[in-house]
Amino acid sequence: MESSLALGRLELTPSPAARPVGPQAPAHLNGCVPLSHQVAGHKYGVDKVGILQHPDGTVLKQLQPPPRGPREMQFYSMVYAENCSDPCLLELQNHLPKYYGTWSSPDSPNDLYLKLEDVTRRFVKPCIMDVKLGQRSYDPFASQEKREQQIRKYPLMEEIGFLVLGMRVYNVCSDSFESYDQHYGRGLVKGTIKDGLSKFFHNGVGLRKDAVSASMQRVQHILRWFESQRQLVFYASSLLFVYEGLPSSSSSSASSSPSSLLMAEYNNNNIRVAAPWDYSLATMYANHRKGGHHHHCAQEHLHGNDGASDEEEDGEGDGEVEVRMIDFAHVFQSESLDHGYIYGLRHLLTVLEQILHDAS
């Protein structure tokens, strides 16, 4: 089995035993269930691949068909390699979900999943938004048909630089979530993108300025990383935004979760150590098999600022906000800045700044 990495393009031929997970897989594997709070992307039981929740609280992302699935696995494996000493990649770890290797059910050892941190787990009422970043949703090796398809989906991607793929927002008055899918995001144009994005930060009473400010800080950290690196370029990758929908006084005590159970589970779930970037698909599967082992609508706290410290109001106290990079099926090695992703991050920050300014 040969694999090549030409300009970062991964070309792999799957072995007969190495098959991606398909719709024939059982609905529930070893207590795993479809991820209930997924707002975008492939959904388990609906698409050919999807996302599951493991009983230990981690997320299982089904490996996509080659070359996308193996490429994403190799990306995580490279960034989280035990012997990684590259400062650029070590810094990148701060902006990704933690990676715990691959997982498979004992009944289907060839059906691989990426085992990842669920960054929403510590939240009581997680408000979640998936935003695709960059000026192009297709990589340099996409066919002309694929390019035209992606452009038709959202012709403004090059101009705006990001696309809201989905979001769910907690309404404190109704104690319920309001959901918006990809069609909502594709309907946002230059003149409506600010108001469309601000819906994510509105809790039914007012704008969560604290969440906007903290999200901006997280995005700025990611932007600084991109401006400092010339190793990788990202296409069709997203940012996952999460903030606590409950007022801070209600969520602080309930949002903590034990980690000791997770560590025990990680060591007993067929977890494999990260593989090098250029592993062949057959080798990755072979190594995996070897390792196979109710709230009323009161005015106080609803805007997220009352009772908060000055540090929290300034966006420094961002403990109840997460912004993580996700989806890496189209990541390639590079020798230049990722101008498309940087453009998207800068415009996203500009829109968030406008939202905050208008609220002031």
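**View 1. Arg168 sits over the face of Phe177, at 3.8 Å from the ring centre.** Here a charge counts as over a ring if NZ of Lys or CZ of Arg is within 6 Å of the ring centre and within 35 degrees of the ring normal. The model is predicted, so to speak of local features pLDDT of at least 70 is needed, side-chain atom pairs count only at pLDDT 80 or more, and totals for chains, interfaces and linings use all residues. Residues are numbered from 1 along each chain as its sequence is written, and side-chain values use heavy atoms, with hydrogens and water left out.

**View 2. Aromatic pairs, with Tyr170 and Phe177 as one of them.** Rings of Phe, Tyr and Trp (its six-membered ring) pair if their centres lie within 6.5 Å; planes under 30 degrees apart are stacked, over 60 edge-to-face, and the rest tilted. The count by this rule is 20 aromatic pairs. Tyr170 and Phe177 have ring centres 5.4 Å apart and planes at 55 degrees, so this pair is tilted. Tyr170 is buried at 1% relative accessibility, while Phe177 is partly exposed at 27% (buried is under 20% relative accessible area, exposed over 50%, partly exposed in between; 1.4 Å probe, protein chains only).

View 3. Phe200 lies in the loop between α6 (193-198) and α7 (209-228), and Tyr243 in strand β12 (residues 237-244), 43 residues apart. Helices (H or I, at least four residues) and strands (E, at least two) are DSSP runs, numbered from the N terminus.
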